[in-house]
Amino acid sequence: MEKTFDVVVIGGGGSGLAAAIEARTAGREVVLLEKNPQLGGSTAWSVGSITSTGTPHQLRAGIQDRPQDHYDDMPLFAGDLAGRDNDAFRRILCEEVPDAFRWLLGLGVRFYGPMPEPPHRQPRMHNVLPNSLSYIYHLERHARRIGVDIRLRTRVTELLNENGAVVGAACGAGSRFGARCGLILAMGDFTNDPELKSRYMGPQQAKVEGVNATATGDGQKLALALGARIVNGDLALGPEIRFIPPARATLVRRLPPWPTLARAMEWAMDHLPQALLRPFIMSFLTTALAPSPKLFEQGAVLVNKAGRRFCDELDAPALAVPDQPGKVAFILIDDRLARQFSAWPHFVSTAPGVAYAYVSDYRRNRPDVYAEAATLVGLARKLGMDAPTLQVTITEHNSAAASQGRTPLLEAPFIALGPVRSVFVHNEGGLAVDREHRVLGAQAQPIPGLYAAGATGQGGLLLKGHGHHLAWAFVSGRRAGKFAAERAATTATRAAQ
């Protein structure tokens, strides 16, 4: 063993940091192992919203809201899948996220909101300021301040098992970290792991990449080797079509997570006219979010780099994009559609309750994914496509449009939005865990010493709707840290006796 700790936490995203802080606050010796060069995980890649009732923001707005109302509203997001939800964990989430929200405030994280998101009956979505990196900034600072030992570039390859109990983790280069009392898996989901996606979702889904390139299901695989199982592995947000990210980070992503800046932004969002804030908001909306399916419903055409239409845009087009050259495509519209998608209710992308981005916003904010020309030949040249192929594609589309009840693309100028790609944002396939976040093995019995939090330990909970994944990350992370610390105390007491 390189060193033995009371609690070993694997994963340095929101849930892992929350678990490490909670266990350390309870007086335990804690190490956090992160495979990447920096902390962050999927939390750092997220939009950054968290959904909660009873927040100071709701109270200031005169909103009376209860955890029970939140609990009742969540199944409305799941629809027909509601029967597959873990109701006990949904109860835990709704009852404990208000305290987690205040805990984040106490660490220095700042929010704007609450924002409405139907079918929530009350505005509950709170957006972090200035961006999702703020979570990591404040949690890492606090973790280091209280003495959590953080090891970066440390990839765990195996869980150490002794007499049926997990007692540590083996890493690359032969290093080992012992866990006297508990090891917590907080390693995210498997949206970027072809093996697990193929097993639980299907071979075509396995071709779709994840937004977080390092979300490779490491925690699930480590636990599966010990007899654990994955619940709801076939469910995910996606695949969905998204614009490729800009070559340079946007202004929103470059803003430092300083408390003073966050407070200034919070004041500005409450007091400045929307006209002044719109350019700032658009830099986010035109980067991080998916184009609306209504584009295709109204007649937009999806073509590949060769200029060929390759799928029915109304029938799971995101599954077809990975088979195209470069795994990318372009959304083609004409002037009629451009005018239509220049005002409410026809938007290109949106963050619920925040704002809407239209064609003109993409022209202004994302010139790298916007091309316009007076003719299809001119558009093909700008995109590097074969002009005759693109002309034939649109001619055939227009000829068939009338019989299919679709609108042809006839009015110049012609516009291409893209490249776009298909991605999974997150998946719901977490390990089966009990109410103390202990990972369940054979005969649904806890594997001694092994805990899981966040997406790794989602346990069948459905987290549809914005702000629920981060809410679960912080709630489950804190709980797993607490229960692992309590096990440490129990073990120490028995050893003393």
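Hi everyone, a definition to begin with: helices are DSSP runs of H or I with at least four residues, strands are E runs of at least two, and both are numbered from the N terminus. What we have here is a predicted model, where local features need pLDDT of at least 70, side-chain atom pairs count only at pLDDT 80 or more, and totals for chains, interfaces and linings use all residues. Residues are numbered from 1 along each chain as its sequence is written, and side-chain values use heavy atoms, with hydrogens and water left out.

Let's start on the surface. Trp267 sits in helix α10, residues 259–271. Together with Leu272 and Leu276, Trp267 forms a nonpolar surface patch with about 330 Å² of accessible area. Patch members have over 30% relative accessible area and no salt bridge; like charges are joined within 9 Å, and nonpolar side chains (Val, Leu, Ile, Met, Phe, Trp, Tyr) within 5 Å. A salt bridge, in turn, is a side-chain nitrogen of Lys or Arg within 4 Å of a carboxyl oxygen of Asp or Glu. The areas come from Shrake-Rupley with a 1.4 Å probe, and for residues only the protein chains shown count as cover.

Now to helix packing. The axes of α4 (residues 67–78) and α5 (residues 87–107) come within 8 Å and cross at roughly 135°. That angle is why α4 counts as oblique to α5. Here, under 35 degrees is roughly parallel, over 145 roughly antiparallel, 65 to 115 roughly perpendicular, and the rest oblique. The axes are lines fitted to C-alpha atoms, for helices over the stretch in contact, with angles from 0 to 180 degrees between N-to-C directions.

And how do α5 and α6 meet? The α6 helix covers residues 133–146, and its axis comes within 9 Å of that of α5, crossing at roughly 75°. The two are therefore roughly perpendicular to each other. In that pairing, Trp103, Leu104 and Leu107 of α5 meet Tyr135, His138, Leu139 and His142 of α6; contact means heavy atoms within 4.5 Å.

Back in α4, have a look at Pro75. Beyond its neighbours within four places in sequence, Pro75 is in contact with Ala82 and Arg90. Pro75 and Leu462 are 387 residues apart in sequence, yet 8.4 Å apart in space, C-alpha to C-alpha.

Finally, some backbone details for your torsion checks. Trp344 and Pro345 are joined by a cis peptide bond, omega about 10°, with Pro345 in the loop between α13 (335–340) and β16 (349–351). Another cis bond links Ala412 and Pro413, with omega about 0°. Ala316, a residue other than glycine, has a positive phi near 50°. Thanks, everyone!
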